[in-house]
Amino acid sequence: MKKIAIIALAALSTNGFAQKKKAVVSPAIHSEIVNQPVQSYQNNEYNTKRKSFVDALLAKMTLDEKIGQLNLPSAGDFTTGQAQSSDIGKKIEQGLVGGLFNIKGAEKIRAVQKVAVEKSRLKIPLIFGMDVIHGYETTFPIPLGLAASWDMNLVQQSARIAAREAASDGINWTFSPMVDISREPRWGRVSEGAGEDPYLGSQIARAMVYGYQGKNLADKNTILACVKHFALYGAPEGGLDYNTVDMSHTRMFNEYFAPYKAAVDAGVASVMASFNEVDGIPATGNKWLMDDVLRKKWGFNGFIVTDYTGINEMIDHGMGDLQHVSALAMNAGIDMDMVGEGFLKTLKQSVSEGKVSEAQITQAARRILEAKYDLGLFEDPYRYGSANDAQKEVFNASNRAVARNVAAQSMVLLKNDKNILPLKQKGTIALIGPLVDNSVNMAGTWSVATKHGSAVTLLKGLQESVGKNVKILTAKGANVEDNKVLEDVYAAHGKVVDRDSREPSVMIKEAVDVAEQADVVVLAIGESAEMSGESSSRANIDIPASQVRLLNELKKTGKPIVVVLLTGRPLTLTNIKDAPEAIINAWFPGTEAGYAVADILFGKVNPSGKLPMTFPRSVGQIPIYYNRKNTGRPLDAALTDKCEYQRFRSNYMDECNTPLYPFGYGLSYTKFEYSELTVSKTNPTGNQSIQASVNVKNTGNYDGAEVVQLYIRDVVGSNTRPIKELKGFQKIFLKKGESKQVSFNITPDDLKFYDNNLKYDWEAGDFDIMIGTSSADVKTARINWSK
């Protein structure tokens, strides 16, 4: 749906609230390629030249060299001088490597590329990949946090900066964006995606692809994007990573597939297969998924890469030995084998035995060579990366300023009783928590290239933001987790949490003493960075008991408490939500964490983030998501919010059935008032369009931004339909006292869904049109749309 303009918010003032009661919401954003197609250079003349070049090259290649192009080993980050002498270096000379990943640094990459283009027979350059997930050395909030900004210009800008930094340092391929829809917060990789909604996820997928790939992949500051994980990886049973996924095709197409398709429609260059099975067949060997859906139905013409050892892991799935699963992957449409070397070791034998054809291998090699051609590597294999470029592009002041702003825009204000926020820049603040002076955890998970030592801690950010006007006292107060063994498990990938060896009671007493001397307590609690991410499933998503005890003891001081929540996933906050006066969900904000948190706390930025994923009250509610379907025995809506049990209805006896914080929820330091919703036609016909409008007024004391959200419900359908579905949003900025009419253009395309025959169409009938500030707070009008 192209009708929604996502509005870039202009900088208004550098003054804090205490001075003029105005907030800086967002600087002007460069949005020149938002909603513009990538690969605009690929016309008929270009495609003819590319085909001729690749045809000629393939004609010279042996079967071994073609298979070599399909081999993607991990470099293990060579030290200088290893490129030629290593086992991988020798394989590169023999033409048995198509690309490498996990090597960092322009000079190292240049040395490896030199082996490929000067030592190998055909001098075919390599591609170099890395998990550039939410920034390169300048690191932005985790992707779930980015999604909370609901600002596609900012999302795209973050990807554009990441691409420029990575490309200047020699990287030309990123394994991003991850667009897996998930309603499962126990699954740690929710941190790496955009949350639970297919529409929001689709907008973010497109923005990320545009940001990475730009208009022309041959520009040396663009990189190949790789949408992952195809498909359904975000719906594992029990929230266990890599676990079984099983769902109907209608659910796949209506609720999970949309972001992958949006990335394909945006021109994404590559797709990564997921670890899980689909319809009982692992995705890596699933021909229906890779060929029938991705290539034939959606028209994807790039290349498909496995995830790390994805082919080999089909052996443990029970699909056969290495030769068999490698042939299965090739026959399914996989083009590149990450790390496992199943293709390298078995495909030649499979050709001789008739299990795969050389034509299939040639086609896969063609796709890899076409990507290299599009990157301009055959014209100049060294175009990516130089020490001089990297010195200017990587982690520069301009990029860090953007990262600071994006981090602030991503934060979600969950609670603000008595308008305790924004804080005034005077008096004494007690800054307490296990990670307040810890830089390595600020970037969160999947921060492979981050300059962790340069990340701004919360303590540093607050100290530098208030100068001499505020006295800041600090105490740790608690360890992240009482259990040292478990805390060590959480401190993966070198992200230590600086465990304090003192007794918990001693640490709490110190924190209480500090709080007694302060006017307000800022308490940073939640997760450490690697408590979410890959292989970080949690059966219990409460805040650890050590930190809850700390909060409860601080509450006894009577001092007002502001909780800064560090997290990579929705947490169950029921046991802590009442204690503090305010809660800011900061996610993991990135390298500029401390500054961004200070900008929110002191009102330089008015929070405008909205939740991209529902926060449950308890684990027992999972999965809980806004766009659910009614059962034949739904709850009485009038009683739902009262948490009253209703016999013989779909509800829990011992828990409310509403979320703690719903999808789309987020407060501001100001107030926004919505008028009743109006529609331009209540009885549209056929392909007519209608406009749905509300008037939004800033009735509070501060300037601020609001995300106005459009939902639609198909009241009666041939298939059961969700109670509401997000179909559009606009982020608007209103000065104090200002009002604005916000309108959405709605067409029959917005009413379409996949039926049981996977036919994509709309059905005539009644529709509820809803506009509001969250999925749980909307104005509604009913229309009847006939064909």
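A disulfide is taken here as a pair of cysteine sulfur atoms within 2.5 Å, and by this rule the count comes to one. The structure is a predicted model, in which local features need pLDDT of at least 70 and side-chain atom pairs count only at pLDDT 80 or more, whereas totals for chains, interfaces and linings use all residues. Residues are numbered from 1 along each chain as its sequence is written, and side-chain values use heavy atoms, with hydrogens and water left out.

The disulfide is formed by C643 and C656, whose sulfur atoms lie 1.8 Å apart. The torsion about the S-S bond of C643 and C656 is about 115°, so the disulfide is right-handed. Both cysteines, 13 residues apart, are placed in the loop between helix 24 (637-640) and strand 17 (672-674), where helices (H or I, at least four residues) and strands (E, at least two) are DSSP runs numbered from the N terminus. Burial is expressed as relative accessible area, with buried meaning under 20%, exposed over 50% and partly exposed in between (1.4 Å probe, protein chains only). On this scale C643, at 34%, counts as partly exposed, while C656, at 12%, counts as buried. The loop between helix 24 and strand 17 also holds F648, which has a positive phi of about 65° although it is not a glycine, and which counts as exposed at 61% relative accessibility.

Two open sheets of parallel strands are described next. Strands of a sheet pair through backbone hydrogen bonds, either parallel or antiparallel; here, two strands are said to pair if DSSP finds at least two bridges between them. Strand 2 and strand 3 (residues 127-130) run parallel and are joined by three bridges, and the partner of G99 in strand 3 is I127.

Another open sheet of three strands has the order 5-6-9, again with parallel pairing. Its edges are strand 5 (226-230) and strand 9 (303-305), each of which pairs on one side only. Neighbouring strands of this sheet are turned by 25° against each other on average, direction ignored, with axes taken as lines fitted to C-alpha atoms, for helices over the stretch in contact, and angles running from 0 to 180 degrees between N-to-C directions. Strand 6 (residues 270-273) pairs with strand 9 in the parallel sense over three bridges, and S270 has F303 of strand 9 as its bridge partner. C226 is buried, with a relative accessible area of 0%. H229 lies in strand 5, and the peptide bond that joins K228 and H229 is cis, with omega of about -5°.

A nonpolar core is defined as a set of buried Ala, Val, Leu, Ile, Met, Phe, Trp, Tyr and Cys residues joined through side-chain atoms within 4.5 Å. The largest such core has 120 residues, among which W173, F230 and F257 touch the most other members; helix 9 (residues 198-213) supplies the largest share, nine residues. With contact meaning heavy atoms within 4.5 Å, and residues up to four places away in sequence not counted, F230 touches, among others, Y260, V271, M272, L289, V293 and W298. A second, separate core of 90 residues includes L462, I561, V562 and I622.

Helix 6 (residues 106-119) contains Q113, which counts as buried at 2% relative accessibility. Leaving aside neighbours within four places in sequence, Q113 is in contact with P125, L126, F128, P381 and Y382. In helix 6, the buried residues include A106, I109, V112 and Q113. In helix 22 (residues 545-555), the buried residues are S546, Q547, V548, L550, L551 and L554, and their cover includes strand 12 (428-432), helix 21 (504-516), strand 14 (520-526) and strand 15 (561-566).

The loop between strand 11 (412-416) and strand 12 holds P422, and the peptide bond from L421 to P422 is cis, with omega near 0°. K418 lies in the loop between strand 11 and strand 12; its phi is near 60°, a positive value in a residue other than glycine, and K418 counts as exposed at 80% relative accessibility.
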